[in-house]
Amino acid sequence: MLNEKLHFYIEGLISGRSPLFTEMESYAKEHNVPIMELAGIETMLQLLRIHQSIKILEVGTAIGYSALRMASGLPNAKIVTIERDNERITVAKDFIQRSGIGEQITLIEGDALEVEEQVSGHAPFDAVFIDAAKGQYKKFFEMYENYLSHDGMIITDNVLFKGLVAEREIESKRTRNLVKKIDEFNHWLMNHPDYDSVIVPVGDGVAISKRRGERK
Ligand SMILES: C[S@@+](CC[C@H](N)C(=O)[O-])C[C@H]1O[C@@H](n2cnc3c(N)ncnc32)[C@H](O)[C@@H]1O
């Protein structure tokens, strides 16, 4: 989102991660697993600290990178995270087990739109982090806002989708349809009567939505 020079400047200022996290970053790169961008995750961690989120729901575990970064960055936090891809679940479990902080994380296996009952047993959540199938953001939001605490926060990643949301012409029909869905989600979110939302052009674009405090 930022120009490339600034992007690398900021990344260069972010301090080094533990060997396990750098191993996870390399694994993700090698196996084409999309994990949250560095500046994006640092922004999210800082927000969660300021908000003092203790119970966090994550939709989209992948290999457990962001879940473990949250657990490590917020030592008092408990993270419930959902993943449907069996191969990624296996890898995530291995990393979580090796991390030494696995007791902070509960991994729920299955499609996020089908495991609501299991998730509800862990509610309420101070924060919900949506980072799964981009075409279904609104569904995830509408399902899991029901388990958000009174003054909770919802963070949604990839809302600028590599800058494509601002492009007029996109050749691939599949990408065009996905961009349309993200754009519709962004408009819906920014006009949602129950939340104050802002889109921050960091990482792949992060939306921060804070509940206004009064239930509908
Ligand atoms: C971008 S990756 C998550 C990255 C992770 N949050 C991180 O930053 O380390 C998205 C993950 O969501 C999973 N996913 C997509 N749709 C899902 C759904 N409906 N239910 C559960 N998991 C889903 C995908 O399998 C993928 O592993």
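With 216 residues, a compact globule would have a radius of gyration near 17 Å, and this protein has 17 Å, which agrees. That radius is taken over C-alpha atoms, and the globule rule is 2.2 Å times the number of residues to the power 0.38. This is a predicted model, where local features need pLDDT of at least 70 and side-chain atom pairs count only at pLDDT 80 or more, while totals for chains, interfaces and linings use all residues. Residues are numbered from 1 along each chain as its sequence is written, and side-chain values use heavy atoms, with hydrogens and water left out.

Now the overall numbers. Along the principal axes, the C-alpha atoms fill a box of roughly 45 × 45 × 35 Å. There are 8 helices and 7 strands; these are DSSP runs numbered from the N terminus, helices being H or I with at least four residues and strands E with at least two. Of the 216 residues, 45% are buried, where buried means under 20% relative accessible area, exposed means over 50%, and partly exposed lies in between, with a 1.4 Å probe and protein chains only. Taking contacts (heavy atoms within 4.5 Å) with a separation of 6 or more, 69% are between residues 24 or more positions apart.

The accessible surface comes to about 11,500 Å², and carbon and sulfur atoms hold 49% of that. Those areas are from the Shrake-Rupley method with a 1.4 Å probe, and for residues only the protein chains shown count as cover.

Gln 104 sits in the loop between helix H5 (86–99) and strand E3 (105–109). Is Gln 104 buried or exposed? Gln 104 is buried, because its relative accessible area is 7%. A polar atom of the Gln 104 side chain lies 3.0 Å from the backbone oxygen of Ala 71. Beyond its neighbours within four places in sequence, Gln 104 is in contact with residues including Ala 71, Leu 74, Pro 75 and Ile 79.

Leu 38 belongs to helix H3, residues 38–51. At 14% relative accessible area, Leu 38 is also buried.

Lys 138 is in helix H7, residues 137–144. Lys 138 counts as partly exposed, because its relative accessibility is 38%. Leaving aside neighbours within four places, Lys 138 is in contact with Phe 185 and Trp 188. Lys 138 and Glu 114 are 24 residues apart in sequence and 15 Å apart in space, C-alpha to C-alpha.

Last, the backbone geometry. Most residues other than glycine have a negative phi, and most peptide bonds are trans. Which two residues does a cis peptide bond join? They are Ala 123 and Pro 124, with omega about 5°. Pro 124 is placed in the loop between helix H6 (116–120) and strand E4 (125–130).

Gln 52, not a glycine, has a positive phi of about 55°. Gln 52 falls in the loop between H3 and strand E1 (55–59), and is exposed at 61% relative accessible area. Phe 161 has a positive phi too, near 40°. The loop holding Phe 161 runs between strand E5 (148–157) and helix H8 (173–190), and Phe 161 counts as buried at 8% relative accessibility.

Terms used: A polar contact is a pair of N or O atoms within 3.5 Å; within protein, one must be able to donate a hydrogen and the other to accept it, and residues adjacent in sequence count only if both atoms are side-chain atoms.
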